[in-house]
Amino acid sequence: MKQQFRDMLDAMHRYNRGSLAKELFGLDPTERYDLLVVAPSWHPAKIFSEVRALVSPLADHAVTKGWRLDWTNKKIAWVHCSRGAANLIDSLSVCGELNFERMLFVDSAGSLVPDCKVGDFCTPSCAVSGVGANAYLGARLADYRPFSKVTPNDPAFVSEVIGLARQAGHTLRESSVFSADSLEMEYYHLDEIRAHGCDLIEMETSSFYLLADLMEKPAAALLVVSDSMADGVPLAGRLEEERAAYERTRLRAVPETILKVAGM
């Protein structure tokens with residue numbers, strides 16, 4: 001990890017006792033994990049309901065939850081952080097205490113363009129940082145520049161993940177995303193957001209890649225298109241066939257790709 005992130009961990013521990021990862025997620029810093037999965041809203045018991053893996057709950061707090069997944073001889077740490085960049089930063093940063101090889105982010109995204117359909121499986125080629133929380137990942141708060149572009153910290157790893165998804169029979173396409181701070185207020189600002197030229201909109205991947213760079217860990221985000229502001233498919237009130245396309249990808253492509261990455 002970079003020295004700046006070491007300093008961040010030191011600052012956290014200066015004002016807190018024990019292991020924050022153990023406290024929030026039940027994850028043991030002395031264990032080695034093949035993969036860390038961070039998910040704002042998905043629980044592994046649901047995601048792995050059609051693809052077999054042993055899911056063991058470790059911590060269940062009001063906001064944060066943790067699980068350990070066992071598959072063949074691989075161990076996966078799974079953390080639930082709740083929605084929004086600030087929650088992602090708080091949860092993923094304390095996972096810097098853990099011993100893991102690589103990490104994935106998994107969640108939904110909305111489409112801004114007709115070319116991205118509900119149920120598409122995507123990974124960000126770049127993320128526009130439309131969130132204020134990313135200021136706290138810099139050396140100085142005053143240096144933060146909103147709406148800057150964040151790219152994956154390890155493009156070679158992202159390419160490997162795309163290849164592994166293909167091996168599992170799934171097309172994982174690269175798409176640009178806009179990371180927003182508000183789910184409901186994004187609709188009011190859609191014209192400004194669309195002006196950035198992004199394919200998708202979500203809330204956390206710009207923060208995920210900035211933290212991955214600080215942690216110096218291979219990282220990739222896996223997104224499933226859940227709704228479309230280009231095609232008029234709503235997030236709330238989807239038709240059954242629209243929901244089915246989303247669920248097919250979420251319950252097959254996502255877990256099968258996760259296991260492929262864990263097995264690297």
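Predicted model: local features only at pLDDT ≥ 70, side-chain atom pairs only at ≥ 80, totals over all residues.

User: Fine. Which residues is phenylalanine 208 in contact with, apart from its neighbours in sequence?
Analyst: Leaving aside neighbours within four places in sequence, phenylalanine 208 is in contact with Val38, Leu88, Leu92, Met103, Leu104, Phe105, Ala219, Ala220 and Ala221.

User: Is phenylalanine 208 buried or exposed?
Analyst: Phenylalanine 208 has a relative accessible area of 0%. The cut-off for buried is under 20%, and phenylalanine 208 is therefore buried.

User: And which residues touch the most other members of the largest nonpolar core?
Analyst: They are Trp78, Phe208 and Ile258, in a core of 75 residues. There is also a second, separate core, which has 9 residues, including Val128, Phe178, Ile193 and Met229.

User: Let me turn to rings. How many aromatic pairs does a search of the whole structure find?
Analyst: The search finds 4 aromatic pairs. One of them joins phenylalanine 48 and tryptophan 78 edge-to-face, with 6.2 Å from centre to centre and 80 degrees between the planes. This pair links distant parts of the chain, 30 residues apart: phenylalanine 48 is in the loop between H3 and strand E3 (54–60), and tryptophan 78 is in strand E5. Both phenylalanine 48 and tryptophan 78 are buried.

User: Why is the pair of phenylalanine 208 and tyrosine 209 edge-to-face?
Analyst: The planes of these two rings stand at 65 degrees, with the centres 5.3 Å apart. Planes over 60 degrees apart count as edge-to-face, so the pair of phenylalanine 208 and tyrosine 209 is edge-to-face. Tyrosine 209 is buried, at 1% relative accessibility. Ring pairs also link Phe105, Phe208 and Tyr209 into a cluster.

User: Which lysines lie over the face of a ring?
Analyst: Lysine 75 lies over the face of tyrosine 33, at 5.9 Å from the ring centre. Lysine 217 lies over the face of phenylalanine 100, at 4.6 Å from the ring centre.

User: New topic: how many salt bridges does the count come to?
Analyst: The count comes to 13 salt bridges. Among them is the one between arginine 32 and glutamate 101, whose closest N and O atoms are 3.4 Å apart. These two residues are 69 residues apart: arginine 32 is in strand E1 (residues 32–33), while glutamate 101 is in the loop between strand E6 (99–100) and strand E7 (103–111). Arginine 32 is partly exposed, at 39% relative accessible area, and glutamate 101 is partly exposed, at 31%.

User: What about aspartate 107 and arginine 83, where do they lie?
Analyst: Aspartate 107 forms a salt bridge with arginine 83, with 3.1 Å between the closest N and O atoms. Aspartate 107 lies in strand E7 and arginine 83 in the loop between strand E5 (74–80) and helix H4 (85–94), so the pair ties together parts that are 24 residues apart in sequence. Aspartate 107 counts as buried, at 0% relative accessibility, whereas arginine 83 counts as partly exposed, at 37%.

User: Which residues do salt bridges that share partners join into one network?
Analyst: Glu31, Arg68, Asp70 and Lys75 are joined into one network. Within this group, the side chains of arginine 68 and aspartate 70 meet in a salt bridge of 2.9 Å, N to O.

User: Now H4. Why is it largely enclosed by the rest of the structure?
Analyst: In H4, 7 of the 10 residues are buried, so this helix is largely enclosed by the rest of the structure. The buried residues are Ala85, Leu88, Ile89, Ser91, Leu92, Ser93 and Val94. What covers them includes helix H1 (3–14), helix H2 (20–25), strand E2 (35–39), E7 and helix H7 (205–215).

User: Last one: where does valine 261 lie, and what does it touch?
Analyst: Valine 261 lies in helix H8 (residues 240–262) and counts as buried, at 0% relative accessibility. Not counting residues up to four places away in sequence, valine 261 touches Leu35, Arg102, Leu104, Phe157, Val161 and Leu164. Valine 261 and aspartate 34 are 227 residues apart in sequence, and their C-alpha atoms are 8.8 Å apart in space.

Key:
Residues numbered from 1 in each chain as written. Heavy atoms only, no water. Salt bridge = Lys/Arg side-chain N within 4 Å of Asp/Glu carboxyl O. Helix = DSSP H or I, 4+ residues; strand = E, 2+ residues; numbered from the N terminus. Buried < 20%, exposed > 50% of the residue type's maximum accessible area, 1.4 Å probe, protein only. Core = buried A, V, L, I, M, F, W, Y, C linked by side-chain atoms within 4.5 Å. Contact = heavy atoms within 4.5 Å. Phe/Tyr/Trp six-rings, centres within 6.5 Å; stacked < 30°, edge-to-face > 60°. Lys NZ or Arg CZ within 6 Å of the ring centre and 35° of its normal.
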